[in-house]
Amino acid sequence: MPSAELVQEAARQMVICNACRYCEGYCAVFPAMELRRAFAAPDLTYLANLCFDCRDCYYACQYAPPHEFAVNVPRVFAELRADTYRDYSWPRLLAGLYRRSGLAGGLISAASVAAVLFLVLVLRGPGVLLSAHVGPGAFYRVVPYAAMVLPAVAISLFGLAALLGGAARFWRDTGGSLREMLDGRALLRATADAFTLRYLGGGGAGCNYPDEGFSQARRWLHHLVFYGFLLDLAATTVAAGYDHLLGWPAPYPLLSAPVILGTLGGIMLVAGTVGLLVLKWRSDPAPAERRMVAMDVAFLLVLLLTSVTGLLLLALRETGAMGVLLAIHLGMVAALFVTLPYGKFAHLVYRYAALIRSAIEQARA
Amino acid sequence: MSIPRRSYDVVVVGGGNAALCAAMTAQRAGAAVLLLEAAPEAVRGGNSRHTRDIRYVHDRASAFVTGPYTAEEFWEDLQRVTGGETDEALARLTIAESADLGDWMPAHGVRWQQPLKGTLHLARTNAFFLGGGKAMVNAYYDTARKRGVEILYEAEVQGLNVDDGLFHSAVVARGGASGEVRAKAVVVASGGFEANIPWLKEYWGEAADHFVIRGTPYNQGRLLKELLAHGARAVGNPREFHAVAVDARAPKFDGGIVTRLDSVPFGIVVNREACRFYDEGEDFWPKRYAIWGGLIARQPGQIAYSIVDARGAGRFMPSVFPPLEARSVGDLADLLGLDARALVATVEAFNRSVRPGAFDPSRLDDCRTEGLEPPKSHWALPVDQPPFWAYPVRPGITFTYLGVTVNRQAQVVLQDGQPAPNIFAAGEVMAGNILGRGYLAGFGLTIGTVFGRIAGREAARHAVR
């Protein structure tokens, strides 16, 4: 649970916002706030996860510091969200990863890459690792089929279960029944809002990011990351289909669906993550929260390294570097998926749940 | 911090809506413009920071207003609230020139708020800007800066060098330094004097120590005093201000919208003697809330207590400060430091006089008192259901009415009736010409925007010709 001080501070700010309401046109948070008179921990957790951190309300606020009311909603909500990701992660044993997300991301990535390299080296020998392999099944000559597929499936299923479990507990704690979640209209609304990043649009103006000026940059860069990620998932799914259903193992020609989707996705991911890192570097620290920044940077870097190693593997797959690059790339992919439920990626499920709750509430109001 | 040595076409004194509109308009007309804002950048924008919406003429509904608002209706509203204390020519000019604001403001960076759900959050006469007044001020500063207006913060104008009604330069203090800024014309848009407690004391005595100032502490009226000293003709009653009931726990300055209290029609209001002193249900709150600041300013100690019971709780906008709560009226009096017997007697007398009726806050209902002085004319329900809530309230001053007389060109008019050729005024410092009394929501911004633009245009015309 968030600390009593944090809950009290967030509630104090919401009482001020609720008596003002000037920001109600920016996003979903303020209309949701207006439906409430009192702000207990579950209300605040819900509102915080509905916040996209666009920061429009911070720069528009006549009560922001140096005013004695010191209203800074993006910051206090970022603190609450960091607590949400920690509190709803499963198993609880791993919640500690949130405390040092930068260190955890770095160590897990390094360990994962080292483990794959070590296993290939020991089990297949340096000759396999360092020589060129071409033609159908080339990748499997470096890492055998079962060794590639079985850990991937296990890690993904575990991550999915951990995230869904967290989302379900979040949903229940913020006052919803599971039946209520199956509201077609609300699901549609929330899905549209999520896929368009509507609330990084700040009521049409864009967000105040990286500074006081309005910009759609963050929204577009986030789109690049999100849709790039989806394209890479699609590439993997198509490749799995070719392999399992058509008996056509990787690598695939440059003009095949998996390579085109994967390359496009990889380039979008590189552009998006680099862009977001640059924005973050330049952003105003006043409305930001330290733990959340660390989480963002760790996740973006792991995504970036995964994409870069994937693109490098594609470029050099017919050379002697392929074996090492494949091992490194698979190590990064494993690290990415291992850390998904214990890093910034988790925002996806909680924010989506909050958007559904908001759609249900607003339809009722 | 430095003070520029070069000379400008137009220097604008002030940093709120009127000043920004003047600066942007003068710059567009080809003038080299310097804007001098006394406040630091973080709290720039004067009282405009606290605004929310603007009143303007429009002939049809749009995405931002629910219906037409004609110039004639606008004029009738103004006449009604001012009781005729308005310069008709200037008022009609303001109204007529407000007709293009729906387009002009977005062209200068302001964004209108879209309806959130149906038209629930829209009004007919006024349009709401996205994010409120500080967002509007930010947009104007951004536009002004990008277009080439020079802006200095923490630049306090201490005086104007004026000979025979002709402006030469402004004396500016900034950090430890001070210097003279020369310009061909000056626009004074630096607000009223409501934050100047010693000045208020000239009219109100020690009572002024108990006033809460809802807006910027930078409205000291220095330039208003300076213009009057240079022979400008005064307008507006110097003793009068617009004041609402605000929570007595509000900060002394800059508490803005959130300290306002809307509980009055749903209970009773007593003074320090635990006596009622005015009809709490005289008319709809939006029409009447503006008189309560003045009423409380005239009570002993400039304090009053708005009391509601369980029936009234939850019927008004949530307040930023929690109510003081007790299970009985006597306990509530102890909590407030009032004479318990006196408060119980006041509440019992009120409850006895309440006539049965059909309570309906959406209309002037028939729930009223009988044989009570002062009466409560509407929404009178007995105050007898615990818990009892009280909010201590004080006068919260929004703006002062005293200003300088201007003509249709926004030129300051001197004692002899002649306009000063290159001294212009806009905003609260001249609003008393048009709003001599009373209050009309969102109209201060209308005056500031229209006269800011006129002053900017005419100052540039004078300087660049």
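Two residues are in contact if their C-beta atoms, placed from the backbone, lie within 7 Å. Keep that cut-off in mind for this predicted model, where local features need pLDDT of at least 70, side-chain atom pairs count only at pLDDT 80 or more, and totals for chains, interfaces and linings use all residues. Residues are numbered from 1 along each chain as its sequence is written, while chains are lettered from A and ligands numbered from 1 in the order in which they are written.

**The interface.** Select the contact between the chains. Chain B gives 27 residues and chain A gives 25 residues. On the side of chain B that touches chain A, eleven residues are nonpolar, ten polar and six charged. Here Ala, Val, Leu, Ile, Met, Phe, Trp, Tyr, Cys and Pro count as nonpolar, Asp, Glu, Lys and Arg as charged, and the others, Gly among them, as polar.

**Chain B.** Of its 465 residues, 54% count as buried (20 or more other C-beta atoms within 10 Å of the residue's own, C-beta atoms being placed from the backbone). Turn to the contacts in chain B with a separation of 6 or more: residues 24 or more positions apart account for 75% of them.

**The core.** Next, select B:V10, B:V12, B:V186 and B:V187. Within the largest nonpolar core, of 261 residues, these four touch the most other members. Such a core is a set of buried Ala, Val, Leu, Ile, Met, Phe, Trp, Tyr and Cys residues joined through C-beta atoms within 7 Å.

**One residue.** Finish on B:V186. Beyond its neighbours within four places in sequence, its contacts include B:V11, B:V13, B:L160 and B:F424.

Key
A residue is buried if 20 or more other C-beta atoms lie within 10 Å of its own, exposed if 12 or fewer, and partly exposed in between; C-beta atoms are placed from the backbone.
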